[in-house]
Amino acid sequence: MTSPISSNWFYYTTMASLAQATSAAEQSGNSAAPLSGAGSDNSMFMMLLSSMLQGGGEMNPTMMSAFTPAPAAASISNSSQMMAQLNNSYTPISVSLPSVSPAATPAAAETVAQPTVPNLKTDLSFKPIQFLKLENTLGGKLSGTAAHFINAGKKYDLDPNLLSAIAIHETGNGTSRAANEKNNIAGMMGKNGLRSYDSVEESIFDMARNLRQNYLNQGKTTIASIGAKYAPVGAGNDPTGLNNHWVTGVNRQLNKLT
């Protein structure tokens, strides 16, 4: 990168042009009165000017006038005054930029209270299960009914493994008298005692409907809370006290299936 041009470059260049013009005028004979010692003065002036341009030094007007014809000296003086005026006349203009106001923050949206809706989805809601594992676990009257437990679970939004665990516990995995004689796999009771069903599939769907309508929809979303109503301890229809083991037995079967 080249260095910035010296502030006196224009000044020195002007002086050299004046000196060359004077010399040319003398040689052509157009000068009315040749200046004495003009040749030597011009040579001396050019030598000093070259030295100053190369060294970047300063030369005051007094020194320059000693080697320059009078008209040129006057021109130098005028040029110096003009350059001084130009250099001293510039005053930076102060510009005030308009201040930028921050964007207005929108008012916080009012919080609207939403009505509370009971969330009926629980851990006992429908979820995918291992079909083959369930199919291989079911026995006796429950054999081949895995698809019925899954379909009933989808219809009533219940975990198929929960339905299966209750049926396994209630029937001794499809071996009870109620299951074999009445197709009742869930211990469902009617006006005259245990209900009878036309098929095991019908019994499975009735059990799922009952659990959804009378238990989970009523806030009973755990096996313990379901058992307290489904198989209450000390019930009159449980003379042998089997209901004492209902919650534990259903949980055990459910854990085996999951």
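At 22% relative accessibility, D157 counts as partly exposed, a class that lies between buried (under 20% relative accessible area) and exposed (over 50%), as found with a 1.4 Å probe on protein chains only. The structure is a predicted model, in which local features need pLDDT of at least 70 and side-chain atom pairs count only at pLDDT 80 or more, while totals for chains, interfaces and linings use all residues. Residues are numbered from 1 along each chain as its sequence is written, and side-chain values use heavy atoms, with hydrogens and water left out.

D157 is found in the loop between α6 (146-156) and α7 (160-171), where helices (H or I, at least four residues) and strands (E, at least two) are DSSP runs numbered from the N terminus. Phi of D157 is near 55°, a positive value in a residue other than glycine. A positive phi, near 60°, is also found in N173, which is placed in the loop between α7 and α8 (177-182) and is partly exposed at 21% relative accessibility.

A salt bridge is taken as a side-chain nitrogen of Lys or Arg within 4 Å of a carboxyl oxygen of Asp or Glu, and by this rule the count comes to 5. One of them joins D157 to R212, with the closest N and O atoms 3.9 Å apart; because R212 lies in helix α9 and D157 in the loop between α6 and α7, the pair ties together parts that are 55 residues apart in sequence. R212 counts as buried, at 10% relative accessibility. Another salt bridge is formed by K127 and D159, whose closest N and O atoms are 3.7 Å apart. K127 is partly exposed, with a relative accessible area of 31%, whereas D159 is buried at 5%. Within helix α9, D206 and R209 lie 3 residues apart, about one turn of the helix, and form a salt bridge with a closest N and O distance of 2.8 Å. R195 is linked with D206 and R209 in a network of salt bridges.

The largest pocket has a volume of about 700 Å³. It is lined by 26 residues, of which E170, G187, M189, L194 and N243 lie nearest its centre, and the elements that give two or more residues to this lining are α7, α9 (200-214) and α10 (223-230). A pocket here is an open set of points on a 1 Å grid over the protein atoms alone, where a 1.4 Å probe fits, with protein on both sides within 12 Å along at least five of seven lines, and lining residues have an atom within 4 Å of a point.

Conventions
Grid points are joined across faces, edges and corners, and a volume is the space filled by probe spheres set on the points.
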